[in-house]
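Student: I would like to go through the helix packing in this model, and then a few single residues. Can we start with a pair of helices?

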Amino acid sequence: MTKHKIYTTSFASVYPHYVKKAEKKGRTKIEVDEIIRWLTGYSEEGLETQMKNEIDFETFFAEAPQLNPSRTLIKGVICGVRVEDIEEPTMQEIRYLDKLIDELAKGKAMEKILRG
């Protein structure tokens, strides 16, 4: 079985799209970074290093220092699929991130996005 293209796509190449989507709706890069760090446990420096090294999505999530246990509270549909029903772990992590960025762009409060 071949891997989905997103697995081999560098995280750094998609990151600007996350920021652009957020900023288009009046949110900030700082909020995008906070979401990514909350989800993955990367420090600010660690996140910058992963992007500088052009790490692909599969490696980005495999090397995440501490995937947030509260991420399983993320529910809903992204790209026509319920995130809680995705069986492949890496794809589920990617879609969790997509869902969080969507929530940010839709104006949801950070406390709710971070499942606080």
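Tutor: This is a predicted model. In α3, Glu31, Val32, Ile35, Ile36, Trp38 and Leu39 meet Glu93, Tyr96, Leu97, Leu100, Ile101 and Leu104 of α6.

Student: How many residues of the contact of α3 with α6 are nonpolar, polar and charged?

Tutor: The α3 side of the contact includes Glu31, and the α6 side includes Glu93. Glu counts as charged, whereas Val, Leu, Ile, Trp and Tyr count as nonpolar. The division is therefore 10 nonpolar, no polar and two charged.

Student: At what angle do α3 and α6 pack, and how far apart are their axes?

Tutor: Two packed helices are described by the angle between their axes and the distance between the axes. The helices here are α3, residues 29-40, and α6, residues 89-105. Their crossing is right-handed. The angle is about 145°, and the axes are 10 Å apart.

Student: What should helix α2 span, and how far apart are its end C-alpha atoms?

Tutor: Helix α2 covers residues 11-24, which makes 14 residues. The expected span is 1.5 Å times one less than the number of residues. That gives 20 Å, in agreement with end C-alpha atoms that are 20 Å apart.

Student: What arc do the buried residues of α2 cover around the axis?

Tutor: The buried residues in α2 are Phe11, Ala12, Val14, Tyr15, Tyr18, Val19 and Ala22. An α-helix has 3.6 residues a turn, so residues three or four places apart point the same way.

Student: Is Asp102 buried or exposed?

Tutor: Asp102 lies in helix α6. Leaving out residues up to four places away in sequence, Asp102 touches Lys21 and Ile78. The relative accessible area of Asp102 is 14%, and the cut-off is under 20%, so Asp102 is buried.

Student: Is Lys106 buried or exposed?

Tutor: Lys106 lies in the loop between α6 and α7. The C-alpha atom of Lys106 is separated by 9.4 Å from that of Arg27, 79 residues apart along the chain. The relative accessibility of Lys106 is 69%, so Lys106 counts as exposed.

Conventions
Residues numbered from 1 in each chain as written. Predicted model: local features only at pLDDT ≥ 70, side-chain atom pairs only at ≥ 80, totals over all residues. Heavy atoms only, no water. Axes fitted to C-alpha atoms, helices over the stretch in contact; angles between N-to-C directions. Helix = DSSP H or I, 4+ residues; strand = E, 2+ residues; numbered from the N terminus. Left-handed = near helix turned anticlockwise from the far one by under 90°. Contact = heavy atoms within 4.5 Å. Buried < 20%, exposed > 50% of the residue type's maximum accessible area, 1.4 Å probe, protein only.
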